[in-house]
Amino acid sequence: MDQETAGKAAKIYLKNIEAGRQVLLDVTKQCREPMKVNEALLMRILDENKDTEYGKKYHFSEIKSVEDYQKNVPVSIYDDYIDYILRMTENGEENLITASPIHHYNKSSGTMGTPKRIPLSDEQMEQYNLYMKNLPFGVIDKEIGHEWTGGKTIRIAESTAEETFLPCKASYGALSQKLTRQFRPYLPILYTSPDEATFPVSGTDTRYLHARFALAESGATGMVCAFYSYLLEMLRYIEKNWEMLADDIEKGTIDASVKIPEEVKATLAEKIKPMPERAEELREIFAKGFEEPFVPKVWKNMAYMIGIGTGGFKTYADMIKEKYTGDGIHMVKLGIGSSEGFVSATYRLDSEDTVLLPNSLFYEFLPLDAGDDFSQIVTIDKVEQGKDYELILTNVSGLYRYRTRDAVHIESFYENTPTVCFLYRIDQTVSIMGEKTTEEALRTAAFETAKELGFDLVDFSVYPDLKAEPVRYQYFMEISDMPHDIPPKLIRHVLEEKLAGANPSMGEKVRNEVCGATRLNFLEDETYLLYHDMMVRKGAASSQIKPVHVITNTRQRKFFFSQTMYSVEIMK
């Protein structure tokens with residue numbers, strides 16, 4: 001990075017840090033009296049929306065307490081809002097579920113694969129900016145300072161350049177894409193990836209571009225991604241392709257094997273130049289092997305990483321730390337964010353738990369063992385440490401007592417406010433004979449198997465096979481460079497043991513032959529990369545494509561079976 005660009009980057013980061021310091025102070029203040037702040041937020045939401053169609057239906061003007069609210073307003077799901085949202089988006093009607101003007105609808109997966117249209121008010125949009133853009137830098141500055149601000153950031157994010165609009169003229173799409181488009185003027189200053197990788201045209205190998213431009217920037221000081229699984233994917237790509245990447249950096253070329261449209265190559269030609277000294281430096285580092293983390297050697301000024309690394313993504317964050325970064329680079333693990341609102345935020349480095357935001361959403365909590373007994377719902381001041389709940393949210397964009405289907409664990413308290421860890425999506429629970437195996441249990445079984453046997457598990461998926469006799473789970477595993485001395489039957493055996501440990505109910509059903517023993521399918525190399533690329537081609541936002549741990553539809557089932565090399569099962 002030249003000195004002028006470094007100065008511009010530092011100025012922008014310092015501005016974000018200053019704002020982040022204030023957000024951190026505000027969060028700390030909120031957290032001292034969480035119920036008082038949370039109830040005040042609820043009363044404001046009800047007052048502002050009392051004259052909407054929804055507000056009149058449920059008599060918002062007569063509600064004077066949390067108890068009144070819970071008594072008069074029902075717990076809801078997205079289907080309860082469909083008619084209102086269709087009138088808003090198709091006909092341009094206003095004042096139905098919210099008095100706030102809605103300029104954007106978040107695109108999110110919905111029932112039977114039909115995308116949801118989640119209203120996003122300007123106030124809620126500002127919350128995302130505060131807690132995603134500013135707060136992490138306030139936390140970083142508080143704990144490690146800001147000497148890193150003169151360097152570029154490796155940012156693994158992709159978006160469409162053009163916005164989609166609904167008949168009501170509001171924009172429509174993934175929130176992550178909208179945020180990325182907002183940053184577009186600053187991308188060349190702050191980030192290593194070129195515009196061609198961040199706003200790719202069809203047929204562009206973005207992994208190559210992210211990796212190649214990141215390696216060329218020796219002074220990079222941070223890494224940012226939506227999910228830590230994306231960052232792990234890029235680091236693995238570098239490990240496998242470092243020789244080709246170093247050759248291209250040396251010569252200022254793009255290898256013929258890389259899939260990039262000719263018109264994109266033409267624009268990239270103006271941004272790449274031969275860098276023989278950097279290429280030689282990289283070769284010296286990578287030629288020594290990958291027994292030790294390479295990130296601190298490749299980027300000597302690397303200070304931090306930011307991304308979602310809790311719940312189902314903790315495993316990926318741990319793998320990055322263990323294999324690629326070591327202990328010297330700090331991780332910011334972002335809080336729970338969704339299309340419906342920003343649920344929790346980071347407040348310290350290298351921590352899995354994140355704190356609820358009393359002035360962002362009104363929170364209610366349904367114990368996971370309560371089923372649909374809504375009489376057991378509690379508020380933020382009544383949750384119990386160590387207990388698991390389903391989140392129920394009221395936001396500033398027109399959703400009231402909305403079931404998120406997200407399971408969270410109450411970890412501890414920051415000031416007087418609960419800190420939470422995301423556990424899993426309740427809809428991703430597998431139950432073929434009443435055993436109710438959570439995504440967390442499936443994940444634990446898979447990665448503990450890999451850890452015990454010493455192989456590198458890229459990722460896994462599970463298919464509940466209801467046509468088998470007896471019914472059973474089918475696991476799919478992609479393994480990177482599996483040692484030849486590990487028999488596939490041993491992997492299947494250990495996996496069965498780990499699954500029984502993670503969910504004793506399933507273990508008992510297999511022992512009693514109520515359910516069949518697990519079948520293990522070994523996947524082709526880069527299966528999960530191929531799935532990601534397939535979904536992008538079908539129009540999914542890259543940053544919204546999460547690992548498929550529970551196979552729930554025909555498309556996923558056909559894809560993963562088609563990528564299976566061979567299977568291991570117990571034959572009788």
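**Strands and their partners**

A: Strand E1 and strand E5 (residues 171–173) run parallel and are joined by three bridges. Strands (E, at least two residues) and helices (H or I, at least four residues) are DSSP runs, numbered from the N terminus. The model is predicted, with local features needing pLDDT of at least 70 and side-chain atom pairs pLDDT 80 or more, while totals for chains, interfaces and linings use all residues. Residues are numbered from 1 along each chain as its sequence is written, and side-chain values use heavy atoms, with hydrogens and water left out.

Q: What other strand is joined to E1, and by how many bridges?

A: Strands of a sheet pair through backbone hydrogen bonds, either parallel or antiparallel. Two strands pair if DSSP finds at least two bridges between them. Strand E2 (residues 116–121) runs antiparallel to E1, with six bridges between them. Histidine 104 stands opposite leucine 120 in E2 and opposite serine 171 in E5.

Q: Why is E1 described as largely enclosed by the rest of the structure?

A: The idea rests on relative accessible area: buried means under 20%, exposed over 50%, and partly exposed in between, with a 1.4 Å probe and protein chains only. Strand E1 (residues 102–108) is largely enclosed because five of its seven residues are buried.

Q: In what order do the strands of the open sheet lie?

A: The order is E3-E6-E7-E8, four strands with parallel pairing. Strand E3 (153–156) and strand E8 (330–333) are the edge strands, each pairing on one side only. From one strand to the next, the twist averages 15°. Four bridges join E3 to strand E6 (residues 222–227), and isoleucine 156 stands opposite cysteine 225 in E6.

Q: Which helix lies across E7 and E8?

A: For such an angle, axes are lines fitted to C-alpha atoms, for helices over the stretch in contact (heavy atoms within 4.5 Å). Angles run from 0 to 180 degrees between N-to-C directions. Helix H15 (residues 314–325) lies across strand E7 (304–308) and E8, at about 165° to E8.

**Cavities**

Q: How many cavities of 30 Å³ or more does the structure hold?

A: On a 1 Å grid over the protein atoms alone, a cavity is a set of points where a 1.4 Å probe fits but cannot get out; lining residues have an atom within 4 Å of a point. Grid points are joined across faces, edges and corners, and a volume is the space filled by probe spheres set on the points. The structure holds two cavities of 30 Å³ or more.

Q: Which elements give two or more residues to the lining of the largest cavity?

A: These are helix H11 (228–251), strand E18 (456–465), strand E19 (472–480) and helix H19 (527–537). The largest share, seven residues, comes from H11. For the classes, Ala, Val, Leu, Ile, Met, Phe, Trp, Tyr, Cys and Pro count as nonpolar, Asp, Glu, Lys and Arg as charged, and the others, Gly among them, as polar. By this scheme, the lining of the largest cavity has 12 nonpolar, three polar and seven charged residues.

Q: Which residues line the second largest cavity?

A: The lining consists of Arg44, Ile45, Glu48, Asn49, Ser100, Glu123, Asn395 and Val396, around about 50 Å³ of space. Helix H2 (residues 34–48) gives the largest share of this lining, three residues.

**Backbone geometry and a loop residue**

Q: Where is there a cis peptide bond?

A: Most residues other than glycine have a negative phi, and most peptide bonds are trans. A cis peptide bond joins glutamate 469 and proline 470, with omega about -5°. Proline 470 is found in the loop between E18 and E19.

Q: What is the phi of glutamate 513, and what is that of glutamate 526?

A: Glutamate 513 has a positive phi, near 60°, and lies in the loop between helix H18 (504–511) and strand E20 (519–523). Glutamate 513 counts as exposed, at 53% relative accessibility. For glutamate 526, phi is near 65°. Glutamate 526 lies in the loop between E20 and H19 and counts as partly exposed, at 37% relative accessibility.

Q: Is serine 65 buried or exposed?

A: Serine 65 is buried, because its relative accessible area is 17%. Serine 65 is found in the loop between helix H3 (53–57) and helix H4 (66–72). Leaving aside neighbours within four places in sequence, serine 65 is in contact with Glu39 and Met43.

Definitions and conventions
1 Å grid on protein atoms, 1.4 Å probe; cavity = no way out; pocket = protein on both sides within 12 Å on 5 of 7 lines; lining within 4 Å.
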